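Here is a short note on the core and the charged pairs of this structure. Please read it with the coordinates open.

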Amino acid sequence: MAEREAGLPGASDKRPGAAGWTQKPERSNMTALRVICWIALTCGRPLTRLILHPICLYFLLFDPTSRRHIKRYLRRAIGPRAGWADGYRLLHAFASTVLDRVYFLRGRIDLFEVTIQGNRPVEAEVFAGRGAFLLGAHVGSFEAMGACRQHSSDQGALPLAMLMFTDNAQRITAILEAISLPELRPHIIALGRPHSMLALRDWLDGGGLGGLLADRTLSDGDEMGQRGNNLTLSFLGHPAVFNDGPFRLAALLRRKVFFMAGLYLGGARYDVRFEPLADFSERVADVAERERRIRAAVEAYVARLEALCREHPYNWFNFHDFWLEDSH
């Protein structure tokens, strides 16, 4: 998603509070993006992947802020043995997913070996006309889910909308739209605007899926964080802040919530996973019980994210001061 590009190495988030990233302007170089996209589409994936090595090495050597955040994360996900080679693997995996999104958005699923797990319950919500929330993280590739949208189904492709803050990533959003095939161009519901809630409700009522990356803390007043609480939970052995706004929204709109991840396994291999997180489809009148269910859903999300970070440590691409240690 576009907010992930705003978090490219080099766009460090100096946030003493919760969510400076939603207003942080992107630092992506438009000319470089166009050149890489041209090379990718002209020279093909194997040749273009060669240029990822010097790019990753450059950021590893000359971006101390991102290197510091990567080091902290890897030592918590892998252990004290994590070193420079692990940091390079993480950056290369990230660069690979950014490159591959060009091909996913051009419909070149044939270039990849994609496995899909747990999609049947999600499809059931869509085909029943109820819609659902898909909550992911800055893990792997969101665009790999295009394999699910194009995956053969007796009842058609899955309608997926990206819920995102677009103001801080307008340039990269424009170029991604330019390279996408019209039929594969992601439907975007912009957050933080007066009409966002109505647009989302109508989309879900039509059987659509709403995809959101929920591993960034939302500030007070953000629409997705309406009446949301910042919860401090243990994540990779250290306290971290997560916002329950997306889960409150799911409870308000009475939808099921699924965890999603498009894991990059190296080479041309991706593993797309869906897992049930919470079911808010039934109305709960008791306030205390509703609060308990929302907190339980957040805890389930954090536990799933932590398990994935330990299982596939080179797939979490959140190059920020996630544990807010620099602000101390």
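1. Basis. This is a predicted model, in which local features need pLDDT of at least 70, side-chain atom pairs count only at pLDDT 80 or more, and totals for chains, interfaces and linings use all residues. Residues are numbered from 1 along each chain as its sequence is written, and side-chain values use heavy atoms, with hydrogens and water left out.

2. Core. The largest nonpolar core holds 90 residues. A nonpolar core here is a set of buried Ala, Val, Leu, Ile, Met, Phe, Trp, Tyr and Cys residues joined through side-chain atoms within 4.5 Å. Buried means under 20% relative accessible area, exposed over 50%, and partly exposed in between (1.4 Å probe, protein chains only). Phe235, Tyr301 and Trp316 have the most contacts inside this core. Helix H6 (residues 84–105) gives the most to this core, with 9 residues. Helices (H or I, at least four residues) and strands (E, at least two) are DSSP runs, numbered from the N terminus.

3. Trp316. Leaving aside residues up to four places away in sequence, Trp316 touches residues including Tyr73, Leu90, His138, Asp215, Phe235 and Trp323. Contact means heavy atoms within 4.5 Å.

4. Salt bridges. The whole structure has 21 salt bridges. The criterion is a side-chain nitrogen of Lys or Arg within 4 Å of a carboxyl oxygen of Asp or Glu.

5. Asp326 and Arg72. Their side chains form a salt bridge at 2.8 Å, N to O. The pair links distant parts of the chain: Asp326 is in the segment after helix H12 (287–311), Arg72 is in helix H5 (residues 64–77), and they are 254 residues apart. Asp326 is partly exposed at 36% relative accessibility. Arg72 is also partly exposed, at 22%.

6. Lys256 and Glu125. This salt bridge spans 3.2 Å, N to O. Lys256 lies in strand E8 (residues 256–264) and Glu125 in helix H7 (residues 119–127), so the pair ties together parts 131 residues apart in sequence.

7. Arg293 and Glu289. Their side chains meet in a salt bridge at 3.0 Å, N to O. Both lie in helix H12, 4 residues apart, about one turn of the helix. Arg293 is partly exposed at 31%, and Glu289 is partly exposed at 24%.
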